[in-house]
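Please keep the sequence and the model in view while reading.

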Amino acid sequence: MAFWILSSSLPLLGLLSLLLSHQTSLITTTNTDNVNIQVSDGRVGSNSSVFREAPAFRNGETCGNNLVTDRIHVAMTLDANYLRGTMAAVLSILQHSTCPEDVTFHFLWVRHEPEVFSSIKATFPYLNFKVYRFDVHRVRGLISKSIRQALDQPLNYARIYLANLIPNEVKRVIYLDSDLVMVDDLAKLWKVDLGDKVLAAPEYCQANFTVYFTGAFWSDPYMPRTFEGRKPCYFNTGVLVMDVDKWRQGNYTKKVEDWMVLQKQKRIYQLGSLPPFLLVLAGNIMPIDHRWNQHGLGGDNVEGKCRELHPGPISLLHWSGKGKPWLRLDSRKPCSVDHLWAPYDLYRSSRHSFEE
């Protein structure tokens, strides 16, 4: 599988041509008997989905015997509003994986949505996945209004409770947002060394960390002391490698919740689920290469203006921010980076072209 390397002299269309020329001949036969859904009927017809059926993918010769120890666990949220992004993300992961049959997806949703489930089954007939209900009552009373409505949705906080939702036998999981595509082998991210840390993610220490919290936080005589003994840096929570056992043993869900309770009493941040993660873990995660989260492609959280790619190697493209590639492509007002997402779009009615 491949990753892409950018330099300031490499045109975006050159990268696009490389991406489009990268095709895989792998065929999948992943077993669907392990689907764990608490619903009455999960069977759908192939013509019932608004998405095209994805190509099937099979393990390469270097893969193991598909044992439990070989499995790679990926967690994502499942929401009708972002389903088009989820489909593209799943396709990109499978397409670039050397061992796609070894990937198990753990989807979190707030309620059973038959159309969403049917679309997943019809689009990826051989996908090995499980779905878990996230109880919104656990978090609804803790959510404070942020600068963008999408950040206030309960499902945006589900990653905090991930360790409480997936099976105990899952010891490590990769959490991924739905507005991204993978352009490298997921196994490389899976194998990162966590050391004694509970999370691994790219760190961005050049970012102005103070802007993620309000003046009320920094002027408080006690709250900033939470960062004593560590050098806090910003990290994006849309791509996380989690040691699930360490998360449970360290009671990190409660630690994050405690800051959310305080936020309800005294407004100390404005960005949804990110700041409480930073308060608990910034400066205490395992930093990994920035190639694993080329984030911010959706622009800022207010206007979502176009942004260019940062120079350097890329393994994952992430449209965090207000602008989503499928919406901008459909509006006929795409950003140049949105054409890098388009090859993974399985939506039947999409008619965007690369000449626009």
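## Basis of the report

The structure is a predicted model. The values discussed here are therefore computed from a prediction.

## Disulfides of the chain

Three disulfides are found when the whole structure is searched. Counted along the chain, the bonded cysteines pair in the pattern 1-2, 3-4, 5-6.

One of these disulfides is formed by Cys63 and Cys99, with sulfur atoms 2.0 Å apart. It connects distant parts of the chain, 36 residues apart: Cys63 belongs to the loop between helix 1 (12-21) and strand 2 (72-77), and Cys99 to the loop between helix 2 and strand 3 (103-109). The torsion about the S-S bond of Cys63 and Cys99 is about -100°, so this disulfide is left-handed. Cys63 is buried, having a relative accessible area of 13%, and Cys99 is buried as well, with a value of 18%.

## Two further disulfides

Cys205 and Cys233 also form a disulfide, and their sulfur atoms are 2.0 Å apart. Cys205 is located in the loop between strand 8 (203-204) and helix 6, while Cys233 is located in the loop between helix 6 and strand 9, so the bond ties together parts that are 28 residues apart in sequence. Because the torsion about the S-S bond of Cys205 and Cys233 is about 100°, the disulfide is right-handed. As to accessibility, Cys205 is partly exposed, with a relative accessible area of 41%, whereas Cys233 is buried at 3%.

Another disulfide joins Cys306 to Cys335, with an S to S distance of 1.9 Å. This pair links distant parts of the chain, 29 residues apart, since Cys306 lies in the loop between strand 11 (286-287) and strand 12 (312-314) and Cys335 in the segment after helix 10. The link of Cys306 and Cys335 is left-handed, with -80° about the S-S bond. Cys306 counts as partly exposed at 47% relative accessibility, and Cys335 counts as buried at 3%.

A network of salt bridges links Arg84, Asp330 and Asp345.

A salt bridge is also found between the side chains of Lys171 and Asp245, at 3.5 Å from N to O. Lys171 is in the loop between helix 4 (162-165) and strand 5 (172-176), and Asp245 is in helix 7 (residues 244-249), so the two residues tie together parts that are 74 residues apart in sequence. Lys171 is partly exposed, with a relative accessible area of 46%. Asp245 is partly exposed too, with a relative accessible area of 23%.

The side chains of Asp258 and Lys254 form a salt bridge with an N to O distance of 2.8 Å. Both residues belong to helix 8 (residues 252-265), where they are four residues apart and hence separated by about one helical turn. Asp258 counts as partly exposed at 38% relative accessibility, and Lys254 counts as partly exposed, also at 38%.

## The enclosed helix 9

How many of the eight residues of helix 9 (residues 274-281) are buried? Eight of the eight are, so helix 9 is largely enclosed by the rest of the structure. These buried residues are Leu274, Pro275, Pro276, Phe277, Leu278, Leu279, Val280 and Leu281.

Which elements do the buried residues of helix 9 pack against? They pack against strand 7 (199-201), helix 6 (215-218), strand 9 (234-235), strand 10 (239-243), helix 7 and helix 8. Gly283 follows helix 9 and has a positive phi, near 85°.

Notes
Residues numbered from 1 in each chain as written. Predicted model: local features only at pLDDT ≥ 70, side-chain atom pairs only at ≥ 80, totals over all residues. Heavy atoms only, no water. Salt bridge = Lys/Arg side-chain N within 4 Å of Asp/Glu carboxyl O. Buried < 20%, exposed > 50% of the residue type's maximum accessible area, 1.4 Å probe, protein only. Contact = heavy atoms within 4.5 Å. Disulfide = S-S within 2.5 Å.
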